[in-house]
Amino acid sequence: MNAPLHIAFARTGEQWEQLQLAPAASITVGRDAACDVVLPSPEVSRKHLEIHQSESGLWVLDCSVNGTRLGRRSLRHARSPISDGAELSIGPFSLRVRICGESRLSTGTGRRGSASPDIRRRIHRLLLDRLDLRSLDRSQMAHDRLRPKVLDALRQVLDTMDQPALGETARAELEQQVLDEVLGLGPLQSLLDDDQVSEVMVVDPETIYVERQGTIERTRLRFTDDESCRSAIERIVTPLGRRIDESAPLVDARLPDGSRVNAIIPPLAVRGPCITIRKFPGNPLAMADLLANDSLTVRMARFLERCVVAKRNILISGGTGSGKTTLLNVLSRAIPDRERIVTIEDAAELRLQQPHVVSLEAKPPNLEGTGAYSIRDLVKNALRMRPDRIVVGECRAGEAIDMLQAMNTGHAGSMTTMHANSPREALGRIQTLCMMAGLDLPPVAVKEQVAASIDIIVQPARFQDGARRVTAITEVEGLDDRGEIALRDIFEFRQTGTRESGQVLGEYAPTGHLPSFLSEFVIRGLVEGGEYL
């Protein structure tokens with residue numbers, strides 16, 4: 001049965017008005033008097049949108065002429081899932097949509113289907129007493145035969161508790177919450193199962209944000225307490241042979257699907273355990289997906305794929321969340337299947353599709369402070385593994401010099417990523433990292449090594465509207481007459497303006513510069529009809 005919908009609406013900058021609607025499969029919003037929610041404005045269509053409730057959650061369908069904004073994303077005659085608490089922009093109005101009714105427990109939390117921390121803590125303790133979960137092997141925690149056993153014990157606990165009667169929906173949600181805490185990752189489990197969520201950010205146990213389609217929004221989920229949050233972190237890192245405690249209060253790890261996890265706890269995290277999860281889509285993105293998202297043009301994509309086949313060394317530089325790893329995964333698909341590839345990462349997240357891939361992962365020190373293997377150690381070892389190409393997830397320290405030597409000594413076509421805001425800054429940073437290698441190399445020698453090793457720099461960026469675009473594809477031309485590294489943009493994204501909605505306007509364009517290695521495209525038969533770019 002559908003729960004009532006709670007609608008709050010207001011003109012921009014004015015006080016919010018509240019409206020609660022009876023349970024229904026859908027409601028309508030528009031300026032027509034027949035709509036369930038009437039918004040009097042010429043910018044609002046007669047029937048502007050519909051909000052549906054189904055077993056899979058809330059959905060919005062835009063039926064308007066001018067479109068609807070969901071966060072920073074524009075909907076036009078499209079159907080999209082929305083979360084509880086979502087905000088929709090309709091002309092001069094903003095709407096917030098929430099579910100209310102029996103699923104809102106009388107515990108004072110004000111969160112849908114969310115029992116108070118004290119109640120969940122009590123249920124968890126009673127469940128531990130009834131079913132000795134601590135004695136179970138962590139590797140068996142998600143076994144299909146274990147879940148029914150835990151659920152049966154949980155229902156017995158709820159039946160014996162002195163609690164006000166819960167509706168069927170509220171009880172089912174409470175059971176799911178406790179099961180997720182015991183067998184999964186607590187409130188994070190539903191977010192990890194949501195394909196619309198690309199990043200999960202736990203600021204503290206009571207504050208959880210997510211990123212959906214480039215827009216960051218706060219959720220209404222929370223952990224029971226600091227301890228339950230710590231337990232979720234331990235479930236992630238323990239199977240990987242890593243640890244987190246007061247002596248090692250931060251850790252990088254990964255989930256079984258390859259999603260990247262960073263966790264940090266007190267005393268470094270002042271507000272409590274903090275978790276950041278960069279999710280990977282169930283199906284790895286392909287170049288067609290980047291084209292559909294307007295991240296680059298067909299000509300840019302074709303040029304980059306030809307660079308990969310022609311074994312050009314590629315550096316992908318960009319800021320946090322700009323899509324560097326995603327782009328590296330996509331470009332790696334152009335590597336021929338017959339080649340042997342060695343990937344090296346802090347936490348394994350690259351998902352190359354070729355049959356002959358060796359994946360190496362750095363290892364932190366053990367409890368005694370020994371046994372650590374850095375990315376630099378693995379790059380050096382990879383040179384002895386007869387690779388055709390080496391792919392380093394990210395250069396952060398002295399491994400940069402080893403990566404450059406690999407690119408310049410028979411391992412052409414290698415790729416890596418780096419944090420930098422422009423191609424010029426990327427070259428400056430990689431020179432700094434090389435100086436950190438402790439080899440006492442003169443700056444001139446480092447600069448020559450960089451100029452001779454890197455062929456192409458690809459610069460993705462995340463814009464204010466949440467879109468990720470390749471802003472520059474740049475050739476490294478070597479040293480100029482002044483001994484400086486010469487750069488020439490081949491393609492660039494030129495921003496021309498910004499709409500009131502926040503959408504970035506601009507265009508992709510070739511600069512007119514032709515790369516110096518076009519002849520290799522011809523030799524390898526990569527060009528057709530004389531079209532080189």
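Leaving aside its neighbours within four places in sequence, which residues is Ile-473 in contact with? Keep that one in mind while we get our bearings. What you have on screen is a predicted model. The protein has 533 residues, and buried ones make up 50% of them. There are 13 helices and 26 strands to find your way around. Of the contacts with a separation of 6 or more, 51% are between residues 24 or more positions apart.

Back to Ile-473. Its contacts, with those close sequence neighbours set aside, are Met-300, Phe-303, Leu-304, Ile-456, Ile-457, Val-458, Arg-488, Asp-489, Ile-490 and Phe-491. Ile-473 belongs to the largest nonpolar core, a set of 38 residues. Along with Phe-303, Ile-456, Val-458 and Phe-521, Ile-473 is listed among the residues with the most contacts inside that core. The top contributor is helix H7, residues 298-309, which puts in six residues. Apart from this core lies another one, of 35 residues, including Leu-315, Met-407, Met-418 and Leu-487.

Let's stay with H7 for a moment. From its first C-alpha to its last, this 12-residue helix reaches 17 Å, close to the 16 Å you'd expect at 1.5 Å a residue. Its buried residues are Met-300, Ala-301, Phe-303, Leu-304, Arg-306, Cys-307 and Val-308. After the helix comes Lys-311, with a positive phi near 60°.

Now for a sheet. Six strands line up in the order E14-E13-E12-E17-E16-E15, making an open, antiparallel sheet. Strands E14 (215-218) and E15 (250-254) each have a single partner strand, so one side of each has no neighbour in the sheet. On average, neighbouring strands are turned by 15° against each other, ignoring direction. At the E14 end, four bridges hold the antiparallel pairing with E13, residues 207-212.

E10 runs antiparallel to strand E7 (residues 68-70), and two bridges join them. Leu-88 turns up again here, as the bridge partner of Leu-70.

Last stop: a pair of helices. We can describe two packed helices by the angle between their axes and the distance between the axes. For H10 (residues 399-407) and H11 (residues 423-435), the axes come within 6 Å and cross at roughly 110°. Angles of 65 to 115 degrees count as roughly perpendicular, so that is how H10 and H11 are placed relative to each other. Where they meet, H10 supplies Ala-400, Ile-401 and Leu-404, and H11 supplies Ile-430, Leu-433 and Cys-434.

In the loop between strand E21 (389-392) and H10 you'll find Ala-397. Is Ala-397 buried or partly exposed? Buried would mean under 20% relative accessible area; Ala-397 has 26%, so it counts as partly exposed. The C-alpha atoms of Ala-397 and Ala-437 are separated by 7.2 Å, with the two residues 40 apart along the chain.

Terms used. Residues numbered from 1 in each chain as written. Predicted model: local features only at pLDDT ≥ 70, side-chain atom pairs only at ≥ 80, totals over all residues. Heavy atoms only, no water. Core = buried A, V, L, I, M, F, W, Y, C linked by side-chain atoms within 4.5 Å. Buried < 20%, exposed > 50% of the residue type's maximum accessible area, 1.4 Å probe, protein only. Contact = heavy atoms within 4.5 Å. Pairing = 2+ DSSP bridges. Axes fitted to C-alpha atoms, helices over the stretch in contact; angles between N-to-C directions. Expected span 1.5 Å × (residues − 1). Parallel < 35°, antiparallel > 145°, perpendicular 65-115°, else oblique.
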